[in-house]
Amino acid sequence: MSDKFPRAVAVGVTGASGAIYAVRTIAALRAAGFRVELVVSDLGRRLLREEIGPDASIDRLDAYLVSRYGAAVKNGELISHSNKDVGASLASGSYPCEAMVIVPCSMKTLAGIAHGLSRNLIERAADVVLKEKRHLIIVPRETPMSLPQLRNLVLCAEAGAHVLPAMPAFYQQPRTLDDLADFMAGKILSCLRIEHDLYPVWTG
Ligand SMILES: Cc1cc2nc3c(=O)[nH]c(=O)nc-3n(C[C@H](O)[C@H](O)[C@H](O)COP(=O)(O)O)c2cc1C
């Protein structure tokens with residue numbers, strides 16, 4: 001990410017499995033000094049609670065991130081928006097937020113982005129990022145995928161999004177779930193050209 005980029009990244013969290021990828025990504029962006037503008041869908045909130053626990057609910061998320069990933073998380077601010085508020089700052093191209101990550105991205109939200117529906121703030125903010133030719137990273141999670149879902153991924157890629165499937169690798173010999181989450185968060189930061197040490201560089 002160039003020095004000219006405002007240090008803000010929007011993060012959308014939807015109701016696909018893989019909430020651990022979301023919390024790890026938010027923590028890593030904040031530790032790198034970025035302001036995170038967070039939008040969580042209703043099902044995203046449910047998955048945060050069910051897959052991580054009540055401590056990861058939105059009102060306790062800040063404290064949870066610090067307790068789990070350390071005080072460096074405080075290097076970057078966390079601002080939370082309602083997904084219903086399609087008039088929030090992120091809904092406008094004039095708001096200086098140069099990148100958006102949707103992690104994990106449900107097939108429903110994927111479809112909404114692929115077809116420009118803007119039914120909520122996550123879809124509208126993604127639409128804005130695409131129209132302004134900024135960075136949109138979509139981290140889809142579903143298996144198997146139907147043909148319409150695969151076509152929606154292609155539509156998003158053709159519109160300029162980076163499709164970064166929730167597919168952690170195993171060549172770095174992960175031992176824990178955290179190792180897998182670190183790998184996915186690291187891939188997201190690498191896509192945004194943000195330096196990190198979330199996984200070892202492959203040296204052959
Ligand atoms: C426990 C649970 C797990 C789910 N996992 C996925 C998933 O991995 N991928 C997916 O596309 N949808 C999944 N869904 C379905 C979505 O949550 C559902 O389609 C929802 O309407 C998505 O809305 P959102 O995109 O606004 O969050 C899951 C639902 C539940 C309750």
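Pro-144 is found in the loop between strand E5 (135-140) and helix H6, where helices (H or I, at least four residues) and strands (E, at least two) are DSSP runs numbered from the N terminus. A cis peptide bond joins Thr-143 and Pro-144, with omega at about -10°. The model is predicted, so that local features need pLDDT of at least 70 and side-chain atom pairs count only at pLDDT 80 or more, while totals for chains, interfaces and linings use all residues. Residues are numbered from 1 along each chain as its sequence is written, and side-chain values use heavy atoms, with hydrogens and water left out.

A cis peptide bond also joins Val-103 and Pro-104, with omega of about -15°, and Pro-104 has its place in strand E4 (residues 99-105). Lys-133, in the loop between helix H5 (121-131) and E5, has a phi near 60°, a positive value in a residue other than glycine.

Helix H4 (residues 107-114) packs against helix H6 (residues 147-158) at an angle of about 45°, their axes being 9 Å apart; axes are lines fitted to C-alpha atoms, for helices over the stretch in contact, and angles run from 0 to 180 degrees between N-to-C directions. H4 is therefore oblique to H6, given that angles under 35 degrees count as roughly parallel, over 145 as roughly antiparallel, 65 to 115 as roughly perpendicular and the rest as oblique. On the H4 side the contact (heavy atoms within 4.5 Å) is made by Met-107, Leu-110, Ala-111, Ile-113 and Ala-114, and on the H6 side by Gln-149, Asn-152, Leu-153, Leu-155 and Cys-156.

Helix H1 (residues 19-31) and helix H3 (residues 61-69) have axes that come within 10 Å and cross at roughly 80°, which means that H1 is roughly perpendicular to H3. Ile-20, Val-23, Arg-24, Ile-26, Ala-27 and Arg-30 of H1 meet Leu-61, Asp-62, Tyr-64, Leu-65, Arg-68 and Tyr-69 of H3.

Around the ligand there are 14 residues, of which Gly-15, Ser-41, Ser-106, Thr-109 and Arg-141 come nearest; a residue is counted here if one of its heavy atoms lies within 4 Å of the molecule.

| Residue | Backbone atom | Distance to a ligand oxygen atom |
|---|---|---|
| Gly-15 | polar backbone atom | 2.6 Å |
| Ser-17 | backbone N or O atom | 3.0 Å |
| Met-107 | polar backbone atom | 2.8 Å |

Note on methods
A polar contact is a pair of N or O atoms within 3.5 Å; within protein, one must be able to donate a hydrogen and the other to accept it, and residues adjacent in sequence count only if both atoms are side-chain atoms.
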